[in-house]
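Have the viewer open as you read.

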There are 2 protein chains.
Amino acid sequence: MLTYSFADIGSDSLYEHLYKCVKKDIISRRIKPGEKLPSKRSFAKNLGISVITVENAYNQLIDEGYIYSIPKKGFFAADISSVTAKKQGSVTGENVAMTEGGRKYLADFSGNGSNIEMFPFTVWSKLLRECLTDYQEELLVMPPSGGALVLRRAIAEHLLAFRNMTVDPEQIIVGAGTEYLYGQLVQLLGQNKIYGVENPGFSKTARVYEACGAKVRHIPLDGSGICVEQLEREQVQVAHISPSHQFPTGRITPISRRYELLGWASKGEGRYIIEDDYDSEFRMTGKPIPTLMSIDVNERVIYLNTFSKSISNTIRMSYMVLPRHLMNEYYRRLSFYSCPVTTLIQLTAAKFLEKGYFEKHINRMRNFYRKQRDLLIETIKASPMAAFAEILEEDAGLHFLLRMDIPCTDEKFSGIMERRGVKLRGLSEYYWQEENRNQHDFLINYSSLSGEQITEAIGLISREVVRLHRNYTEKD
Amino acid sequence: MLTYSFADIGSDSLYEHLYKCVKKDIISRRIKPGEKLPSKRSFAKNLGISVITVENAYNQLIDEGYIYSIPKKGFFAADISSVTAKKQGSVTGENVAMTEGGRKYLADFSGNGSNIEMFPFTVWSKLLRECLTDYQEELLVMPPSGGALVLRRAIAEHLLAFRNMTVDPEQIIVGAGTEYLYGQLVQLLGQNKIYGVENPGFSKTARVYEACGAKVRHIPLDGSGICVEQLEREQVQVAHISPSHQFPTGRITPISRRYELLGWASKGEGRYIIEDDYDSEFRMTGKPIPTLMSIDVNERVIYLNTFSKSISNTIRMSYMVLPRHLMNEYYRRLSFYSCPVTTLIQLTAAKFLEKGYFEKHINRMRNFYRKQRDLLIETIKASPMAAFAEILEEDAGLHFLLRMDIPCTDEKFSGIMERRGVKLRGLSEYYWQEENRNQHDFLINYSSLSGEQITEAIGLISREVVRLHRNYTEKD
């Protein structure tokens with residue numbers, strides 16, 4: 001076990017001295033990255049100091065990123081080289097290109113994936129095998145540009161049943177993930193247009209538009225969704241919005257605002273609304289509000305959805321529904337593109353929808369997510385931080401907002417929690433530019449957490465919130 | 001059987017009268033689309049005219065698109081409504097969006113697919129099933145932006161073994177088909193650059209660049225490949241070429257021109273060469289010439305390849321190899337993109353490469369294609385059109401050029417053959433603008449034809465060539 005002399009302690013407190021000794025050994029690599037440190041109890045016993053002293057030293061080392069803790073396993077030396085590289089902000093091929101998945105967390109509330117364990121593996125495999133056996137010839141014939149007919153028909157039927165949308169299969173274009181379709185839309189609608197995205201919002205949307213050469217305006221939200229006046233003021237021509245469950249705020253755009261948005265779109269030449277319906281399958285309570293596309297008689301709305309949330313994001317399959325005149329333009333100008341999704345995957349997904357497995361899966365997932373949400377809310381309300389916490393927008397989708405009363409910035413709190421193994425992102429991170437927000441709202445995505453992870457992670461968050469308040473009060 | 005009166009024949013010849021009667025009935029739908037017409041012999045007997053007269057009438061109806069023939073089956077009324085729609089040049093959703101595969105031909109020499117029957121179905125299915133069983137967790141974790149590590153490692157090893165290229169897996173970016181990667185390259189290199197493509201060439205390349213907002217110049221080829229002086233003159237900054245087997249000419253760029261091209265690229269700031277190596281696996285004879293990327297020390301070459309030709313185009317998987325500085329830029333600016341290929345397909349392909357199946361498959365295909373090519377050449381040389389035909393650029397890839405001495409335009413000849421059930425495209429169709437070419441070169445892609453199709457189709461082509469010459473001579 002590590003042994004340090006307290007002879008040359010100088011003016012430092014015991015805990016400061018211990019902190020410095022361990023830090024020095026980690027920097028000099030005497031303690032190797034990933035090496036386990038002594039438990040607080042045994043370290044204290046060995047050095048002849050109190051457990052509290054060791055705990056204080058460890059806490060500071062955690063806060064500064066020199067060590068990290070894994071609950072129930074102990075404390076470990078961090079890889080300082082990666083910390084240094086990170087701090088320089090340099091992106092080398094090594095760490096971005098080749099990282100498979102990245103760091104593992106005890107709990108990741110910032111994720112936007114689906115629950116791995118809930119993937120209908122057995123059914124999906126069965127259907128894949130069936131397709132391999134039944135469709136040997138079809139599997140090797142290129143489908144039309146918009147995607148395999150069987151899949152587009154199945155999607156059309158699904159939209160009718162679940163979103164009350166009457167669309168022709170030919171209006172549906174299948175793509176390799178929504179990012180791919182954003183790019184196709186820029187090619188269809190024009191790079192010279194001004195695209196309005198939600199602020200705060202899903203940052204990739206703006207990044208794709210910008211990478212494709214389009215101009216982007218970040219449009220603020222109010223309580224009902226994107227601000228129509230601001231769309232006018234910023235001369236937006238194409239508004240990309242997620243009215244059924246905004247990311248990250250979770251807000252649902254009410255019907256009145258929907259009509260206002262359709263009004264805005266009908267007023268100017270060449271205005272469009274891209275309705276991103278990414279997790280609408282998981283609405284939990286209340287009557288669903290009709291999609292913009294289903295109440296649009298002016299062909300101004302493009303509907304977009306993905307199977308990333310509802311099946312798995314590793315499938316990379318999404319689709320858009322084009323209004324008729326845009327559909328014709330797409331075929332005229334862009335149908336030289338081959339459909340980018342492997343035919344086998346398209347045919348398997350078609351079977352999955354046609355045979356009712358998708359519906360069953362969604363219902364199962366909705367129940368699962370409702371339980372997750374209820375457990376989370378219950379755990380938060382029963383935790384010591386209950387007095388400092390409020391839950392917002394919990395009725396739809398795979399996430400809600402946790403508003404916390406904390407005496408520090410969102411960033412600092414996220415940093416503290418990251419070192420405790422809990423990934424948390426503040427709403428402030430989703431704003432395009434820094435905003436002066438008084439509130440501390442954190443995104444709580446519960447799609448991929450187990451019950452155990454929820455209990456443990458909320459416990460850790462609660463402990464930190466309470467500790468911060470205690471320290472803050474003590475300073476006063 | 002159809003019966004026509006020859007009483008009101010007027011000044012028409014017998015065959016003209018018969019032609020007009022049948023045509024009228026097809027337009028009026030008395031003869032329904034797809035309806036079988038009487039055989040020449042029985043029709044002649046029934047009407048009391050000679051077989052030659054019926055043949056002449058049928059030939060004119062075929063030439064004008066009113067009927068079509070299926071060898072060994074007979075003559076059928078065409079669907080005039082589709083002809084009319086086609087002639088108006090209108091693209092309705094109906095005919096483009098929803099057509100699965102389109103018209104079936106007796107033989108399609110214009111295709112660029114791979115041979116369906118040669119797809120290694122058993123092995124591929126086996127590996128898919130293995131991945132489903134072995135990789136349950138990996139299948140649901142998002143791979144890095146550039147693609148699954150196992151796949152990129154396998155590609156790097158393949159490139160070393162087959163193209164003598166030493167590249168790091170992190171330089172490899174996996175995409176959903178080459179079209180997808182063309183789009184990524186415009187985002188990486190810039191839309192404001194001038195992209196040079198080969199003329200004649202693969203038309204999609206230019207269309208993608210233009211759809212992505214880039215400027216495109218069509219650069220002529222000489223006997224060695226793309227003209228370097230013309231690249232200079234047109235101020236091209238990014239040259240997209242296929243030096244190992246140009247499409248459609250089949251030309252192989254010799255080493256001297258390759259060095260000239262590298263020289264061109266090194267001369268100006270921000271110049272790049274995109275080396276499209278789409279069917280290099282099927283080089284049949286001679287020592288392979290090194291890829292441009294493998295002899296480029298200046299980081300000016302981006303290498304691009306696809307599994308569309310070597311495995312199947314319905315897999316939609318391709319990759320590019322970026323020089324180091326571009327790789328870093330890609331990760332810095334574009335790694336927010338998710339890899340667009342289904343993880344299952346990536347892992348299956350990785351196994352296919354790793355376990356040596358890809359190598360075996362390529363060897364098998366190369367032998368198969370060599371036999372196809374030899375049979376084709378033999379059949380052409382033994383056919384009555386031998387005196388009017390010459391074969392060009394037959395040493396590599398999946399196609400060669402058939403130069404024919406015919407007394408009509410490429411377009412007219414393709415039209416005649418199309419009505420005979422043989423799809424043929426003249427080299428002239430691959431030029432960006434109409435060129436005054438004295439030669440009649442036709443693309444002969446033999447990747448997806450059976451031996452029987454080859455014999456039959458060459459027989460039909462030969463008959464037409466000989467017929468045209470006879471008619472032409474008779475006119476003189």
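Start at I461(A), which touches F109(A), M385(A), M404(A), F413(A), M417(A), V422(A) and L424(A), leaving aside residues up to four places away in sequence. Touching, or contact, here means heavy atoms within 4.5 Å. I461(A) is also one of the residues with the most contacts inside the largest nonpolar core, which has 244 residues; F109(A), F413(A), F109(B), F413(B) and I461(B) are the others named there. A nonpolar core is a set of buried Ala, Val, Leu, Ile, Met, Phe, Trp, Tyr and Cys residues joined through side-chain atoms within 4.5 Å. Buried means under 20% relative accessible area, exposed means over 50%, and partly exposed is in between (1.4 Å probe, protein chains only).

A word on the ground rules: this is a predicted model, so local features need pLDDT of at least 70 and side-chain atom pairs count only at pLDDT 80 or more, while totals for chains, interfaces and linings use all residues. Residues are numbered from 1 along each chain as its sequence is written, chains are lettered from A and ligands numbered from 1 in the order in which they are written, and side-chain values use heavy atoms, with hydrogens and water left out.

Next, find helix α7 of chain A, residues 149-163. Helices (H or I, at least four residues) and strands (E, at least two) are DSSP runs, numbered from the N terminus. The expected span is 1.5 Å times one less than the number of residues. Buried residues in α7(A) include L149(A), L151(A), I155(A), L159(A) and also R152(A), H158(A) and R163(A). Chain B and chain A bury about 5,600 Å² between them, 64% of it on carbon and sulfur atoms. Buried area is the accessible area (1.4 Å probe) that two parts lose on being put together, summed over both. The helices α5 (93-97), α6 (121-134), α7 (149-163), α8 (178-189), α9 (203-211), α12 (324-334) and α13 (343-354) of chain B each supply at least two residues of the side that touches chain A. The largest share of that side, six residues, comes from α6(B). The contact takes 62 residues from chain B and 62 residues from chain A. What about charges? There are zero salt bridges between chain B and chain A, but 16 residue pairs are in polar contact across the interface (both at pLDDT 80 or more). A salt bridge is a side-chain nitrogen of Lys or Arg within 4 Å of a carboxyl oxygen of Asp or Glu. A polar contact is a pair of N or O atoms within 3.5 Å; within protein, one must be able to donate a hydrogen and the other to accept it, and residues adjacent in sequence count only if both atoms are side-chain atoms.

Over all chains, the structure holds 40 salt bridges. In one of them the side chains of R324(B) and E170(B) meet at 3.1 Å, N to O. R324(B) sits in helix α12 of chain B and E170(B) in the loop between α7 and β4 (172-175) of chain B, so the pair ties together parts that are 154 residues apart in sequence. R324(B) is partly exposed at 30% relative accessible area, whereas E170(B) is buried at 7%.

Another salt bridge joins E260(B) and R257(B) (3.8 Å, N to O). Both lie in helix α11 (residues 255-267) of chain B, three residues apart, about one turn of the helix. An α-helix has 3.6 residues a turn, so residues three or four places apart point the same way.
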